[in-house]
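Please read them with the structure open.

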Amino acid sequence: MHTVRSLLNWRSLRWKTALLVAVACCAVALTVGLLVHRSTLERSMNDGAAKAVTALSHSVERYAREGTPEPGDELDPGAMPKELLRRLHERKDPVHNPVTWYDGDPHAPRMWAATSYRGEPFAVYADMTPDLLARQALDRHMWKYSLVVLGIVLPVSALAAELPHRRLRRVARTARRISDGDLAARTGAGGGDEISAISATVDAMADSLHERLLAEQRFTADVAHELRTPLMGLVTASGLLPEGEATGLVRDRVAVLRNLVEELLEISRLDAGAETADPRPVPLAAVIRDSLARTGLGARFTAHGEPWVDTDPRRLDRIVANLVANAHRHGRAPVEVEVTGTTVTVRDHGPGFPAHLLAHGPQRFRTGAAERGHGHGLGLTIALGQARVIGARLDLANSPDGGAVAVLRLPAAP
């Protein structure tokens with residue numbers, strides 16, 4: 001179906017190339033046709049004039065010798081064309097330099113030749129019908145065969161344009177894969193033309209992006225690991241502080257910092273592909289119910305039936321906890337969690353996800369619009385990463401009547 005749509009797309013480079021070739025062929029055919037037509041017409045006029053002048057010379061000699069005109073000899077000025085008589089009167093020496101004129105009547109074309117005999121006009125004409133028919137036949141053949149050649153050249157040029165068009169489509173597909181996050185995609189195109197230069201540029205861009213992403217991932221992992229050791233000491237030290245308002249504030253900030261470092265470590269493991277799932281059949285509603293209880297956050301839970309799914313319950317718990325925490329942090333109550341079949345839906349009644357998040361996905365350390373609250377933006381990133389690990393699909397959307405909606409689709413248990 002995609003191939004058919006591509007073939008029918010008149011804006012395609014394939015058809016633009018074919019149209020350009022067709023226009024060039026038409027221009028060449030028209031130019032050659034006009035040149036041939038004009039050359040043939042001039043030759044026909046010259047041959048007709050020579051033929052008429054020769055016939056005029058023989059007729060004058062015969063008339064001078066015999067004194068009687070032959071059929072085709074014209075002595076009556078009234079029967080001669082006016083243009084021929086005008087030219088004859090303007091000619092200074094019509095006896096030695098006869099005049100000629102072509103009467104282009106489509107039914108009776110004639111080439112006239114006239115001279116002055118004893119002071120009176122003397123003219124003959126040559127029938128040009130065969131020449132006219134020959135020129136018309138030549139014109140018809142040129143148009144007919146030009147159309148035949150155009151009918152062959154047009155599809156052939158479209159087929160010839162398919163090869164560079166296919167290479168450009170491959171470059172476009174690779175660029176889309178790179179934009180979707182597949183930085184290992186490459187065009188693999190060779191050659192020395194412009195398309196090869198574009199392909200090489202896309203591959204170089206992918207290499208650069210991949211190197212920068214790996215550098216950022218290594219930096220995140222290194223920072224998280226370097227912070228973990230002093231953070232553990234800070235956690236221990238905060239536990240030894242005497243109870244009080246300041247101690248509670250310190251412990252709260254230490255807990256936030258600890259969660260941030262743990263999330264950074266988890267993201268670094270997800271980026272490195274070090275996370276593997278341990279799937280097994282589990283009752284979905286019971287797992288979600290227990291997960292909500294462990295979060296300690298209020299949520300309306302609804303389950304339709306008791307479906308079983310094949311998943312890693314620990315990672316599923318992590319996903320649900322992050323989605324519910326994100327709904328409480330950035331949305332508004334009530335937060336609703338619904339299990340339908342093998343699908344888990346988490347919804348809040350806040351301002352919804354910002355447009356850039358729905359278009360490009362969650363970004364680290366970016367929470368979106370100000371009305372979505374504050375945070376470091378790692379919760380949804382971790383949820384998406386863990387969903388990929390367990391083979392689930394997490395879709396983010398906004399409800400028509402307001403609020404953010406996260407839909408997690410899990411594989412059913414065999």
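**Notes on the predicted model**

1. The buried residues of helix H11 are Gly-379, Leu-380, Thr-381, Ile-382, Ala-383, Leu-384, Gly-385, Gln-386 and Ala-387, where buried means under 20% relative accessible area, exposed means over 50%, and partly exposed lies in between (1.4 Å probe, protein chains only). Helix H11 spans residues 379-389 and is mostly covered, with 9 of its 11 residues buried. After H11 comes Gly-391, which has a positive phi near 75 degrees. Helices (H or I, at least four residues) and strands (E, at least two) are DSSP runs, numbered from the N terminus.

2. On the basis of these remarks: this is a predicted model, in which local features need pLDDT of at least 70 and side-chain atom pairs count only at pLDDT 80 or more, while totals for chains, interfaces and linings use all residues. Residues are numbered from 1 along each chain as its sequence is written, and side-chain values use heavy atoms, with hydrogens and water left out.

3. An open sheet is formed by 4 strands in the order E1-E4-E3-E2, with antiparallel pairing, two strands being paired if DSSP finds at least two bridges between them. Its edge strands are E1 and E2 (99-103), each of which pairs on one side only. Strand E2 pairs with E3 (residues 110-117) in the antiparallel sense over 5 bridges, and Thr-100 has Ala-113 in E3 as its bridge partner.

4. Which helix packs on this sheet, touching E1, E2, E3 and E4? Helix H2 (residues 13-66) does so, and its direction makes about 40 degrees with that of E3; contact here means heavy atoms within 4.5 Å. Helix H3 lies across E2, E3 and E4 and runs at about 165 degrees to E2. For these angles, axes are lines fitted to C-alpha atoms, for helices over the stretch in contact, and the values run from 0 to 180 degrees between N-to-C directions.

5. Ala-79 sits in the loop between strand E1 (73-74) and helix H3 (82-90), and counts as partly exposed because its relative accessibility is 39%. Leaving aside residues up to four places away in sequence, Ala-79 touches Glu-74 and Trp-112. Although Ala-79 and Ala-123 are 44 residues apart in sequence, their C-alpha atoms are 9.8 Å apart in space.

6. Strand E9 (residues 343-347) is largely enclosed by the rest of the structure, because 4 of its 5 residues are buried. Strand E8 (residues 336-340) pairs with E9 in the antiparallel sense over 5 bridges, and Glu-338 has Thr-345 in E9 as its bridge partner. The hairpin of E8 and E9 has 2 residues between the strands, and there Gly-341 takes a positive phi near 65 degrees. Strand E9 is also joined by 5 bridges to E11 (residues 404-409), and the two run antiparallel; the bridge partner of Arg-347 in E11 is Val-405.

7. Ser-196 lies in helix H6 (residues 194-239) and is buried, with a relative accessible area of 6%. The side chain of Ser-196 makes a polar contact with the side chain of Arg-167 at 2.9 Å. A polar contact is a pair of N or O atoms within 3.5 Å; within protein, one must be able to donate a hydrogen and the other to accept it, and residues adjacent in sequence count only if both atoms are side-chain atoms.
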